[in-house]
Structure formats: structure tokens, C-alpha cells
Amino acid sequence: MPDYLITWIHLVAAITLIGGLLFSQVVLTPVVRKTPSDSKSREIIRLAGRRFRTIAWVSLIILILTGAYQMLNESGSARIETAWGVVLMLKLFLFAIAFGLLLIHDFILDPYALSSQNTALPASSPIVPARADILQKGVIVLTLAVLLVASYLAKI
Ligand code: HEM
């Protein structure tokens, strides 16, 4: 497969992941919070969250595979020994933290589990648990930082 297609797939996966996370934070959750029906709101967040979780992890796997391919392409070259290689390591470090936070968010806190739709929850309890919300915000900030470092990387 030509290199430009691998880069294109890498970029589509990055757009899907970051775009979906941003959509969830700045569109879906605020709109659902304003809807009057509490049980329906919780169900929409739960179903949307579960659906996006699959999309997010497929995107992450594609990012790792296409990123590793691009790295292997450079492994024999002197480029990896320059500032480019150091900045790439910074990008991978930030990515690893984002990956870890998303892992905790999706599989340990698991805010979209069936039990999160518990109708016995008091109406005052938040639609998205505060800890999960903070983690998701952290993942957004970190993936945007990865994008910033990647843009810099493309120019050196
Ligand atoms: C949120 C995660 C990620 C985002 C947003 C991201 C974004 C980008 C962007 C925008 C580019 C620039 C394409 C270009 O102009 O050439 C790029 C290139 C690249 N990415 Fe990623 N990436 C992510 C994850 C990864 C991972 C996990 C790896 C390694 C396993 C990786 C390795 C690379 C490599 C080696 C390049 C080529 C850099 C170059 O040739 O200058 N990326 N990435």
C-alpha cells in the first residue's frame, strides 16, 4: 500500500477519535443534560457511549498500527536520531497517557454499563459521573496535544 494511503488512514482514525470525543463533550452531553426526561437521558448517554466506545478503540488500534508502520519506515534512516526522533517520543509519551486514561474511563469506571441506567438513582445524580467526565476531558486535552506535536513533527 502506498505511504500516502497509510498516512491518510492514520489521519482518518485521529479525526474519528478526537472528533467523537469532542462531539460527546461539547454537543451530546450538554444537550442531553437539558432534556427533561431523566431516564431517557441516561439511556441515550449510555447507548451513545457504548457505540462510540467501539469506534474509539477501533480508531486507537488503527492509529497504533499505521503509526508503527510509519515508524518502521523510518527506523533505518538517520531521521530517527535527530530532533524528529525526540519529538516523536514526546508524541508517543503523550499518546500513552491518553491511552491509559481512556482505558480507565472505558473499562474500569465504565460509565456506560447497564447498571449506570439504574432507575433507582436520585434525579439529582449527574447524567455522567464526575470522575468519568474529568477523565474524558483529560483524554481530549492529551489527544489535542498529540495532534499539536504531530503537526510540529510534520514540519521538522
Ligand atoms: C491521538 C493519536 C494520534 C494523532 C492525533 C496523530 C496524528 C498524526 C498526524 C496529524 C500526523 C502527520 C501526518 C503528516 O503530515 O505526515 C502523524 C504522523 C505520524 N504519526 Fe501519528 N498520531 C497519533 C498516534 C500515533 C501513534 C500511536 C503512533 C506510533 C505508534 C504515531 C506515529 C506517527 C508517525 C511515525 C508519523 C509520521 C511523522 C512524519 O513522517 O513526520 N502516531 N500523526
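User: Hi! What should I know before I start?

Analyst: Welcome! This model is predicted, so local features need pLDDT of at least 70 and side-chain atom pairs count only at pLDDT 80 or more, while totals for chains, interfaces and linings use all residues. Residues are numbered from 1 along each chain as its sequence is written, and side-chain values use heavy atoms, with hydrogens and water left out.

User: How many helices and strands does the chain have?

Analyst: The chain has 4 helices and 0 strands. Helices (H or I, at least four residues) and strands (E, at least two) are DSSP runs, numbered from the N terminus.

User: And what box do the C-alpha atoms fill?

Analyst: Roughly 60 × 25 × 25 Å, taken along the principal axes.

User: Switching to the ligand, which residues coordinate its iron atom?

Analyst: His10 (NE2) and Lys91 (NZ) do, at 1.8 to 2.0 Å. Donors are N, O and S atoms within 2.8 Å of the metal (3.2 Å for Na, K and Ca), and water is not among the atoms, so sites may look incomplete.

User: Why does that pair tie together parts that are apart in sequence?

Analyst: Because His10 lies in helix H1 and Lys91 in helix H3, the pair links parts that are 81 residues apart in sequence.

User: How many residues surround the ligand?

Analyst: There are 23, and the closest are His10, Leu11, Trp84, Lys91 and Leu92. A residue is near a molecule or strand if one of its heavy atoms lies within 4 Å of it.

User: Which helix gives the most to that shell?

Analyst: That is H2, with 6 residues.

User: How do the shell residues divide?

Analyst: Into 16 nonpolar, 5 polar and 2 charged. Here Ala, Val, Leu, Ile, Met, Phe, Trp, Tyr, Cys and Pro count as nonpolar, Asp, Glu, Lys and Arg as charged, and the others, Gly among them, as polar.

User: What about Trp84?

Analyst: An N or O atom in the side chain of Trp84 is 3.2 Å from an oxygen atom of the ligand.

Key
A polar contact is a pair of N or O atoms within 3.5 Å; within protein, one must be able to donate a hydrogen and the other to accept it, and residues adjacent in sequence count only if both atoms are side-chain atoms.
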